[in-house]
Amino acid sequence: MFDIKNYAMFENIKWIKKGWSSDKKYYLETVMGEKRLLRISDISEYDQKNHEFEMMKRLATCDIPMSQPIDFGICDNGKSVYSLFSWCDGEDADIMLPKMTETEQYELGVKSGQILREIHSIPAPENQEQWATHFNRKADDKIQKYNDCGIKIAGDDNIIAYIEANRHLLEERPQCFQHGDFHVGNMIISPEGELNVIDFNRNDYGDPWEEFNRIVWSAAVSPHFATGQLNGYFNGRPPVQFFKLVAFYISSNTLSSIYWAIPFGEKDVTVMKNQANDVLTWFDGMNNPTPTWYLEDFYIQYINNIPYKLKTPFDMSFIEQYGKVFKVYDDQDSGNICFGVERDEKRYFIKFAGAPTEQYSGKLEDAIKRLKSTVSIYQNLVHPNLIKFIKAEEVGGGFATIFEWTDGECMGRMYPLSREKFLQMPDNTRLEVFNDILSFHNHVIKQGYVAIDFYDGSIMYDFGVGRTIICDIDFYSKSPYINTTGRMWGSSIFMSPEEFTLGAAIDEITNVYLMGATAFALFGMGQDRSIEKWRLNDQLYKVALKAVNVDRKNRQQSLAQFESEWKTACDN
């Protein structure tokens, strides 16, 4: 390594152990603070690595988001070849995607499909062997090696039969440059949410549609990403012929993955056998070439270049009268869709009912009626920790409520990245949040209301100003309230037994249970209410555990009593 050009400029060198490549990989920082990726290979791979580097230089001119090639040469006294690239900051896509919303996952999938289409714009050399001849030989080899390897997967006869019945699909297929291992494991999502592609070391030439044989890894992590990748590549739904041929390539790959994994050990063999089972499930035993993870009806619209999902098209342009949209929340099952807008340097939060939101299964008129009924709730429960209501009006064929915007991280599980940031707060800050929640609900009771459908998605915290914000209290109702539905609205983690019981009274004692459940969400593990998972002292644990007693008579009989016991335990 010492004879690499400009080695003296390398200040911080860390070995990267992950990955399947035989290359030795290192993270570097230069004395100028520049971040780099260094790959070192055996000198016998010189021609292959030189070709890889030159192709990456060509791709870099196409503005593909990737590690930019910087330098290439020989090192280790002629024993090795090195390639130096820019470093892609961020997190592996397979780790980040599950933390993102479905819309964000889909949009990054679309971007990956567009990137792949650009990669495939580079044609293969004219002297390439005919694809059908090449891949039929390859398929024969894979079937033979699978049959000889001694490890079998259930349903392998279906996979082999599909290959044999569809070899004709290989005829007259075009060829182009391929990344060679295009899936979420070789993608990075930057802190700004941008997608970058890495690891071109398996690049090759072949049928552009063969490149999708690795989509099984992406689909297992995120069906929304995988669906977006296909739609982004084809600018819409792929043709039927594509699905048939990709099922062929995946079938072939599924067989070869079994014997490929054997040298790596039983653990990797099990991974590949499980993936084979997934493949057979997705393709209905190879009877349906369209995989079950492909989301046929996933529909995306845009407003001010911000994507959001709906069931069907709906004109949301009227939202722009409130300002420029910078954020959309489309994961609610309430029938509402929410927007963050900015106008004249002021920001607002718009909640709208009347659009065919993707997760709502009820009638639009019911969603509109419910949102209208929330106006008096926000007006009557004004509190320093409650999101500030401004106005409401009929608009766009539906109904909108307008609030002041507040910056904050939400505890709700439907926003994994925000929840992750929220849960990083120390216990003393969590105690302040809980005390704010308790104060607000004491206020709710005093105003003659009872809390219904309060859950982690109702809790936000603004780290910039150190403020707790409570939102989404649309189902709070005047007391007394009787359960007329059986299972009421809400997250089961926060719901008392009476909220599952037809005819039960929903009252202040119910809200005592809610405060205990909230304490376990903040200081324990939610539904796991064991003391081993509790973050605070034993006295506070006993107060919270009493509050969530299934027998109403054994709980604190008012929020004031709960608050008194909680404060005493805090003082101790």
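**Sheet and helix notes**

Analyst: First, in E20 (residues 459–462) and E21, which run antiparallel, four bridges make the join; helices (H or I, at least four residues) and strands (E, at least two) are DSSP runs, numbered from the N terminus, and two strands pair if DSSP finds at least two bridges between them. This is a predicted model, so to speak with limits: local features need pLDDT of at least 70, side-chain atom pairs count only at pLDDT 80 or more, and totals for chains, interfaces and linings use all residues. Residues are numbered from 1 along each chain as its sequence is written, and side-chain values use heavy atoms, with hydrogens and water left out.

User: Which residue stands opposite Thr468 in E21?

Analyst: Tyr461.

User: And what's the strand order of the open sheet?

Analyst: E18-E20-E21, three strands with antiparallel pairing. Strands E18 (409–410) and E21 (467–470) are the edges, each pairing on one side only.

User: Which helix packs on the sheet?

Analyst: H13 (residues 427–446), touching E20 and E21; contact means heavy atoms within 4.5 Å.

User: Switching to H4. Which residues are buried there?

Analyst: Trp131, Ala132, Phe135, Asn136, Ala139, Lys142, Ile143 and Tyr146, buried being under 20% relative accessible area (1.4 Å probe, protein chains only).

User: What do they pack against?

Analyst: Helix H5 (156–165), strand E10 (204–206) and helix H8 (240–261).

Technical notes
Axes are lines fitted to C-alpha atoms, for helices over the stretch in contact, and angles run from 0 to 180 degrees between N-to-C directions. Buried means under 20% relative accessible area, exposed over 50%, partly exposed in between (1.4 Å probe, protein chains only).
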